[in-house]
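Here is a short briefing for a first look. Please keep the sequence and the 3D view side by side.

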Amino acid sequence: MTDMHKEFSQGQDPESLDQDQSKQLEAFDPHPLDDRKRAILSAIIQDYVALYEPVGSKALLSRHRLGVSSATVRNEMAELEELGYLEQPHTSAGRIPSDKGYRAYVDDMLQIHEPSPELQDYFRKALDQSTDELRDLIRSAGDSLADTTQLTSLVLTPTYGESTLKQVKILMIEPGKAIVVVVLSVGVVRDRLIYIPDALNQEQLESIAQAVESSLAGQKLDEITLLAVSDAGQQEEIPDALLNRVLFETYVAIKQAENIDVYMQGSHQLLKQPEFADSQKAHKVLDTISQNGLVAGYLSEMDSVESTSRGSQTRPAFAIRIGQEIGLAGMEDCSFVTTSYRIGEKVSGRIAVVGPKRMQYAQIISEIAFVKKTINHKIQEWMRIGKEDFQAIEDKGVDRKDE
């Protein structure tokens, strides 16, 4: 068993199923599968993933060395069906895995290996070509995963609500137009284009920014209110109508630094999967994963990365949701495979691959793990550059939105 496989299997239970689901499955099937049933279930899932057709006992024996007779395989398949691990779509057909069967396979039977050297080089080059800013890096990660898995990738920017405000700058571009620059404690910089009264000059803008920074530096973003920002600037000798406009825009810029952005790549890949040949079913899936707020909220709920400790080393786990476990409309035939990447100790974002339940789980977990490791290493390199340089790097690529 590889180290990566140990990491997955040891950390799987808390994230793979929530407590209610775990209790339900334990109550339904208190006895673990024996080695023969495990081998047959694993072989059926491998064949079904590859061929997308029900698997019969004769076909199974022709492709796998199970060391038992066809009659024994039929009996074992019948028992697996009774236990809920397999389903029989038609009376004359073979069996296909159920959600419970996929869950048992993912939890206990996967063999995870490092990506091939060629694939590792591909990922490194793809991420190295990104400019030195976070959003470009995670977009490249999503592009490369969608390309190699031939599925849909979702990447979430980090959540910064727990980060604290470090600096606020307001820089005039031209009369009536300025940029609010917000610097966070984790070294990330966000900026926002704002429209201001023409009567204001750069000196007044600097004074307002300094007042806000002096009052609110060190506070968590999710605790900063409009009232707090307004109170911070009340000592400025600027007409209220002008001052309040700038203070409001500054507040919006600070709060927008909390926003989670979702980057989806390869949505068309799902349409290539036979499960979604039905246009109505495909539309439901695409409609769900295209709702950024819904997807961000769902994946953020999976953001409590479970870990196991071995000595002083903390080992992160993957979160996998299969079929009915997802609980989102239209996603009953899909699976999520997701993990987190980190900026510092507290701030994290998420990487996910979405596809049919009939996906190559071992391959996808391996590729996501490598991409995650590469992202983390690159972010650590940026952090080592030094705070001022890192802020400048982030400042080059932040989105500027006209409001």
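This is a predicted model: local features need pLDDT of at least 70, side-chain atom pairs count only at pLDDT 80 or more; totals for chains, interfaces and linings use all residues.

Residues are numbered from 1 along each chain as its sequence is written, and side-chain values use heavy atoms, with hydrogens and water left out.

- Helices (H or I, at least four residues) and strands (E, at least two) are DSSP runs, numbered from the N terminus.
- Helix H8 covers residues 134-149, and its 16 residues should span 22 Å at 1.5 Å a residue. The expected span is 1.5 Å times one less than the number of residues. The end C-alpha atoms of H8 are 22 Å apart, which agrees.
- In H8, 12 of the 16 residues are buried, so the helix is largely enclosed by the rest of the structure. Buried means under 20% relative accessible area, exposed over 50%, and partly exposed in between (1.4 Å probe, protein chains only).
- Among the buried residues of H8 are Leu134, Arg135, Leu137 and Ile138.
- Helix H11 (residues 240-256) has 17 residues and reaches 24 Å between its first and last C-alpha, close to the expected 24 Å.
- Buried residues of H11 include Leu243, Val246, Glu249 and Lys255. The buried residues of H11 pack against strands E4, E5 and E6 and helices H9 and H10.

- Arg63 belongs to helix H4 (residues 57-63). Arg63 is partly exposed, at 38% relative accessible area.
- Leaving out residues up to four places away in sequence, Arg63 touches Asp47, Leu51 and Val55. Contact means heavy atoms within 4.5 Å.
- Thr338 sits in strand E11 (residues 334-343). Thr338 counts as buried, at 0% relative accessibility.
- The side chains of Thr338 and Arg350 make a polar contact at 3.1 Å. Such a contact is a pair of N or O atoms within 3.5 Å; within protein, one must be able to donate a hydrogen and the other to accept it, and residues adjacent in sequence count only if both atoms are side-chain atoms.

**Aromatic rings**

- The whole structure holds four aromatic pairs. Rings of Phe, Tyr and Trp (its six-membered ring) pair if their centres lie within 6.5 Å; planes under 30 degrees apart are stacked, over 60 edge-to-face, the rest tilted.
- Phe123 and Phe370 have ring centres 6.2 Å apart and planes at 40°, so the pair is tilted.
- Phe123 lies in helix H7 and Phe370 in helix H14, so the pair ties together parts 247 residues apart in sequence.
- Both Phe123 and Phe370 are buried.
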